[in-house]
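The sequence and structure come first.

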Amino acid sequence: MPPNLLLQSLAKFLLGVILLGVLIFLPAGSLHYWQGWLLMGILFIPMFIAGLVMLVKNPELLQKRLNAKEQEQEQKTVVALSGVLFIAAFVVAGLNWRFQWCVLPDWAVWMAAALFLVCYGLYAEVLRENTYLSRTIEVQEHQKVIDTGLYGVVRHPMYMATTILFLMMPLVLASPISFAIMLLYIPLIAKRIRNEETVLEQGLEGYAEYKQRVKYRMLPFIW
């Protein structure tokens, strides 16, 4: 267990907790925004557990997940626009709760939280299946095509899981306005996937054949 990796992991985790807390509760103007606490809990508790598991069992994968510096210019643009989108969605969610513009009922919040946790489980399964999963678009040394499990159903199960996770976040925060904002993430992730597949097809042996076997990118029978 490399100590520098442990410190790096904890630093990024705590930074994420602080930033999200500021983005949610400052616009809300109150710490009584219970939906904000709910999102913080279902997001960061599983994240902390997953980080500990990777730190002990697969520190190389954890290091890849911590590396968020993109090399592809097109991907840098996608990441930057996604960041702006997330900030806008969280800030609007806090304002929506503060001014009670259009707040979802509690049952809808809990349903969204349940779906969020299910998709978090799918995300964890993808990490278990594919140890090449870095956060940047790249072809790694000795990388092989993964075509088992969820990868036998769609080519990008991680994006499938994370896209649903991201869409559930505004609903957990009880903000349909923020949900409408987050829908703009769909064309961004589609752009990211197209660029990633171009990179993989050019640099990863067997990926073109894999695309022929597994027809759908994210949603079976749809796309």
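## Overall make-up

The protein chain exposes about 11,900 Å², and carbon and sulfur atoms supply 68% of that area. Accessible areas come from the Shrake-Rupley method with a 1.4 Å probe, and for residues only the protein chains shown count as cover. This is a predicted model, in which local features need pLDDT of at least 70 and side-chain atom pairs count only at pLDDT 80 or more, while totals for chains, interfaces and linings use all residues. Residues are numbered from 1 along each chain as its sequence is written, and side-chain values use heavy atoms, with hydrogens and water left out.

The chain has nine helices and zero strands, in the order α-α-α-α-α-α-α-α-α. Helices (H or I, at least four residues) and strands (E, at least two) are DSSP runs, numbered from the N terminus. Of the 223 residues, 46% count as buried; buried means under 20% relative accessible area, exposed over 50%, and partly exposed in between (1.4 Å probe, protein chains only). Among contacts (heavy atoms within 4.5 Å) between residues at least 6 apart in sequence, 78% join residues at least 24 apart.

The largest nonpolar core has 61 residues, of which I24, Y33, L39, F90, F116, M169 and M182 touch the most other members. Helix α6 (residues 157–172) supplies the largest share of this core, 10 residues. A nonpolar core is a set of buried Ala, Val, Leu, Ile, Met, Phe, Trp, Tyr and Cys residues joined through side-chain atoms within 4.5 Å. In soluble globular proteins, nonpolar side chains tend to be buried together.

Leaving aside residues up to four places away in sequence, L39 touches I24, F90, F116, M169, V172 and L173. The buried residues of α2 include L39, along with L38, L43 and F44. The 24 residues of α2 should span 34 Å at 1.5 Å a residue, and the end C-alpha atoms are 34 Å apart, which agrees. The expected span is 1.5 Å times one less than the number of residues.

Helix α2 (residues 34–57) also gives the most to a nonpolar patch, with five residues. This surface patch of about 520 Å² is made by L10, I45, F48, I49, L52 and V53. L52, in helix α2, counts as partly exposed because its relative accessibility is 41%. Patches are made of residues with over 30% relative accessible area and no salt bridge: like charges are joined within 9 Å, nonpolar side chains (Val, Leu, Ile, Met, Phe, Trp, Tyr) within 5 Å.

## Salt bridges

The structure holds four salt bridges, each a side-chain nitrogen of Lys or Arg within 4 Å of a carboxyl oxygen of Asp or Glu.

| Pair | N to O distance |
|---|---|
| R155 and E197 | 2.7 Å |
| K211 and E197 | 3.9 Å |
| R217 and E197 | 3.3 Å |

R155 is buried, with a relative accessible area of 6%, and E197 is buried at 3%. K211, in helix α9 (residues 207–213), is 14 residues from E197 in helix α8, and the pair links distant parts of the chain. R217 and E197 form a salt bridge that links the segment after α9 to helix α8, 20 residues apart. R217 counts as partly exposed, at 22% relative accessibility. Salt bridges that share partners join R155, E197, E201, K211 and R217 into one network.
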